[in-house]
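Please look at the structure below with the following numbered points beside you.

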Amino acid sequence: YITVYNSLSWERKALVDLPDGCGRIFDLDGKEMKTQRHNGGVYAIVSLPPVGFGTFKLKKDEVKDDPIRINKELCLENNLVKAVFNENGEVISFKDKKTGGEYLSGASNVFRMYRDAPTFFDAWDIDSFYEKEEVPIGSDVEICVENTGELISTLKITRNIGKSKLTQRVSLRADSRQLDFETEIDWQEMHKLLKVDMNTNIHTDELISEIQFGHIKRPNHKNRRYDADRFEVCQHKWSALSESGRCVAILNDCKYGISADGGRMSLTLLKSAAAPDPHADKGMHKFTYSLFVSDNGTCQSDVVRRAYELNCPVCVSGGNKGEKSFVSVDNPGVILDTVKYAEDGSKDLIVRLYESRGSFAKTKISFGFDIKEAYITNMIEENLENVNAENNEIAVALNAFEVKQ
């Protein structure tokens, strides 16, 4: 048996790597799930309860490799979307298969490198004139189909960027609208800035970027001086360009600088300062960013949940622990951020949640254990008001971006 743990407050599907020698997997009701050989291992997609765990039974069996489907065009495709690549590893089309709608205006996943020599603080600043000093990165690119299957398909891209070598595995899972760019780069540059461009056809005058417990809107144009001064802005797990009926977002697991110009989003990947440490940025870097598309606007889409899932992978252990959900919320716009013991040393449990879409929301918090009484507290955990706890459930209301515990 293996037990898989989900720390997020909604039911999720996760790709898990089975132990060596195991080729079949069943849930506790005996239903067998599909498996696929991928990256030297055997993988399955499992469903997990909110803030809880599920156990799955394994059987040893040989999994045959899925035949690699050779196509004249390099593409990743599932039942929802189709992404087409060119010989440079750039995405030249990303379409919704139901509507036929195209999300890109030009080649995306385009790497661009600039001379980066800030006036004052070498390691901390990016000056606006960097855009005028682009340097060539070379065109020696290899791209191939590494794996295809019902669960996940992957293209492998290798290329040189200056003196550095980059390897990407671009994956698309079943039932997903998200291209994952798992990236490794041996970075050997000096005074260079590396960005990756995603060119969308979204028509808007704002870039939406996640911040703690919400998001912020900033201009994606330079019409006014103070707009032009925001040529590089911060984000947390995602940024998006959105229309009323669709959006395109870049998700990331550790890259927090981004710029936008019209329909183009440019994620900042690497710097290479010479001071205070001339070798600080050199060496191997591993990170993942994703291109997510939706046929809903940002605040109606799953972008927040998908970004959390990228940043909070599941944990796998051996043994049969059964199945359990400890806490869940029923409103997709409300995010359960924290579950912890109270700071006063008691065994009281603190549950902290926030409204993520910028609108009033009601939600029901359900607990997988008995609760005696419940209170709304302030941020220093002083009780403010008693709330009704019936059948181990609590109903709460939150204003836009409100944090409540």
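1. The largest cavity is lined by H215, W238, T298, C299, S301, D302, V303, V304, R305, P332, S356 and R357, and its volume is about 100 Å³. On a 1 Å grid over the protein atoms alone, a cavity is a set of points where a 1.4 Å probe fits but cannot get out, and lining residues have an atom within 4 Å of a point. Grid points are joined across faces, edges and corners, and the volume is the space filled by probe spheres set on the points. The helix α2 gives the most to this lining, with 3 residues.

2. Please keep in mind that this is a predicted model, in which local features need pLDDT of at least 70 and side-chain atom pairs count only at pLDDT 80 or more, while totals for chains, interfaces and linings use all residues. Residues are numbered from 1 along each chain as its sequence is written, and side-chain values use heavy atoms, with hydrogens and water left out.

3. The second largest cavity holds about 30 Å³ of space, and its lining consists of E210, G214, H215, W238, V304, Y354 and S356. By class, that lining has 3 nonpolar, 3 polar and 1 charged residues, where Ala, Val, Leu, Ile, Met, Phe, Trp, Tyr, Cys and Pro count as nonpolar, Asp, Glu, Lys and Arg as charged, and the others, Gly among them, as polar.

4. Y354, one of those lining residues, is buried at 1% relative accessibility (buried means under 20% relative accessible area, with a 1.4 Å probe and protein chains only). Its ring and that of F213 have their centres 5.2 Å apart and their planes at 65 degrees, so the pair is edge-to-face. Rings of Phe, Tyr and Trp (its six-membered ring) pair if their centres lie within 6.5 Å, and planes under 30 degrees apart count as stacked, over 60 as edge-to-face and the rest as tilted. The two residues are 141 residues apart, with F213 in the loop between β18 and β19 and Y354 in strand β30; helices (H or I, at least four residues) and strands (E, at least two) are DSSP runs, numbered from the N terminus.

5. Which kind of pair do F287 and Y289 form? Their ring centres are 6.5 Å apart and their planes at 25 degrees, so this pair is stacked. F287 is buried, with a relative accessible area of 3%, and K255 lies over the face of F287, at 4.6 Å from the ring centre. A charge sits over a ring if NZ of Lys or CZ of Arg is within 6 Å of the ring centre and within 35 degrees of the ring normal.

6. The largest pocket has a volume of about 1,500 Å³, a pocket being an open set of grid points with protein on both sides within 12 Å along at least five of seven lines. Of its 48 lining residues, K13, A14, L15, I45 and R173 lie nearest its centre, and β2 supplies the largest share of the lining, 6 residues.

7. Strand β30 also belongs to an open sheet of 3 strands in the order β29-β30-β36, with antiparallel pairing (two strands pair if DSSP finds at least two bridges between them). β29 and β36 stand at the edges, each with a single partner strand, so one side of each is left without a neighbour in the sheet. Between β29 and β30 there are 7 bridges, and V339 stands opposite V351 in β30.

Conventions: Buried < 20%, exposed > 50% of the residue type's maximum accessible area, 1.4 Å probe, protein only.
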